[in-house]
Amino acid sequence: MKRKRLEIGDTPEICNRCDFVDISGEEVTSGTSISVGFDFFDAMPDDLVLIVVCKLSATADCPADFVNLSLTCRRLNGLCLGSPVLKAASSKIMPVKAKKWSGSAHKFLVRCVESGNLEACYILGMIQFYCLQKRMSGAALMARAAIGGHAQALYSLAVIQFNGSGGTKRDKDLRAGVALCARAAFLGHVDALRELGHCLQDGYGVKKNIADGRLFLFQANALEFAVVFRAKNPSAALPPAWLRCNSNFLPRGNNPVCITSTMVVHPVNRFLSEWFSSESNSCSELRLCSHSGCGRPETRRHEFRRCSVCGAVNYCSRTCQALDWKLRHKRECSRFVRVAGEDGGDDVLHVRADF
């Protein structure tokens, strides 16, 4: 067939009966006709556009990016609300702010859940379990995410099992909590790994093994260092000395697991903190976890443990206690520590590990 070169700026009259037009102006082959105002986007196949939209949905930094994309045209609007795009959506585009919570935000999360988005299952499950007090449906959504390999959902279910949340004190299942922590730790969840280390050290729900417990705690600290270092220096490599000491602790393979830690607060934890900090949702009888990056409330009175030294703070897990100790409570509890030391009491770290 006769081919004709298309130059940028030429009028479409030269492209009568064109089958394909190269926007760089290289070549045009004969085919169907093109009229003035021809839209190359409309000529793109749906499967190609869908791949691009799914990638944008998974990497968007805020809800506005996704909304602007969906409002571009009718075609993109239909694709953005389709199951493949909503399934790939990241937590950053989901409206999970307590002050802006509404029926439309709830419907969008439900739509993401119906599309198979594990992050949406976890977020909506946490909101229903703790905020809306729909214990059964919330736990079911978190279990759905956990079955799909969502590490954060596995760890949250472990905390529920350790505390017997949503039930009575007799509903605690320590063995189930340890098993869930072990699975989440295997998937790279740093806080689950730390919790598992404390359980092994104390013999809590599992046979006591101090050596393995300390090894897991050391591993959790090493991975947490990697998270913080990469967050502050995205383009820098980890120190060679650190890699030599901790190479066995890092995920391997072409598709490494995601290392997650409460050093980076999850959006649903911020939602819980905002939700229960408001006067309309606060409950004086039930306490919140004192770790600022958690936000979990008690589901019954005296569910959480208190610091055995000062008794002024409450924690839903050993991990939250350890993190809050490093962040702030070490300074606030120092005067109680000095008094306990002068009275010949137990070592503070030993007492605090047994909160």
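Predicted model: local features only at pLDDT ≥ 70, side-chain atom pairs only at ≥ 80, totals over all residues.

I looked up the angle for helix 6 (residues 103-114) and helix 7, and it comes out at about 135 degrees, with the axes 8 Å apart.

Entry: From helix 6 I wrote down H106, L109, V110, C112 and V113, which meet A120, C121, I123, L124, I127 and Q128 of helix 7. Sorted by class, this contact has nine nonpolar residues, two polar and no charged ones.

Entry: the overall tally. I count 17 helices and four strands in the protein. It has 355 residues, and 43% of them count as buried. I also checked contacts between residues at least 6 apart in sequence, and 54% of these join residues at least 24 apart.

Entry: The largest nonpolar core has 74 residues, and the ones touching the most other members are M94, L109, Y122, I123, I127 and F271. Helix 7 (residues 118-131) turns up again, giving the most to this core with 10 residues. I then followed M94: setting aside neighbours within four places in sequence, M94 is in contact with A89, F108, L109, N117, E119, A120 and I123.

Entry: another helix pair. Helix 8 (residues 135-147) packs with helix 9 (residues 151-163) at about 135 degrees, and I get 8 Å between the axes. Helix 8 and helix 9 are therefore oblique to each other. Helix 8 passes helix 9 in a left-handed crossing. On the helix 8 side I listed A139, M142, A143, A145 and A146, and they meet A153, L154, S156, L157 and I160 in helix 9. That contact divides into nine nonpolar residues, one polar and no charged.

Last entry: N269. Is N269 buried or exposed? I found N269 in helix 14 (residues 267-277). Its relative accessible area is 3%, and buried means under 20%, so N269 is buried. Not counting residues up to four places away in sequence, N269 touches Q152, G293, C294, G295 and R296.

Conventions. Residues numbered from 1 in each chain as written. Heavy atoms only, no water. Axes fitted to C-alpha atoms, helices over the stretch in contact; angles between N-to-C directions. Helix = DSSP H or I, 4+ residues; strand = E, 2+ residues; numbered from the N terminus. Parallel < 35°, antiparallel > 145°, perpendicular 65-115°, else oblique. Left-handed = near helix turned anticlockwise from the far one by under 90°. Contact = heavy atoms within 4.5 Å. Nonpolar A, V, L, I, M, F, W, Y, C, P; charged D, E, K, R; others polar. Buried < 20%, exposed > 50% of the residue type's maximum accessible area, 1.4 Å probe, protein only. Core = buried A, V, L, I, M, F, W, Y, C linked by side-chain atoms within 4.5 Å.
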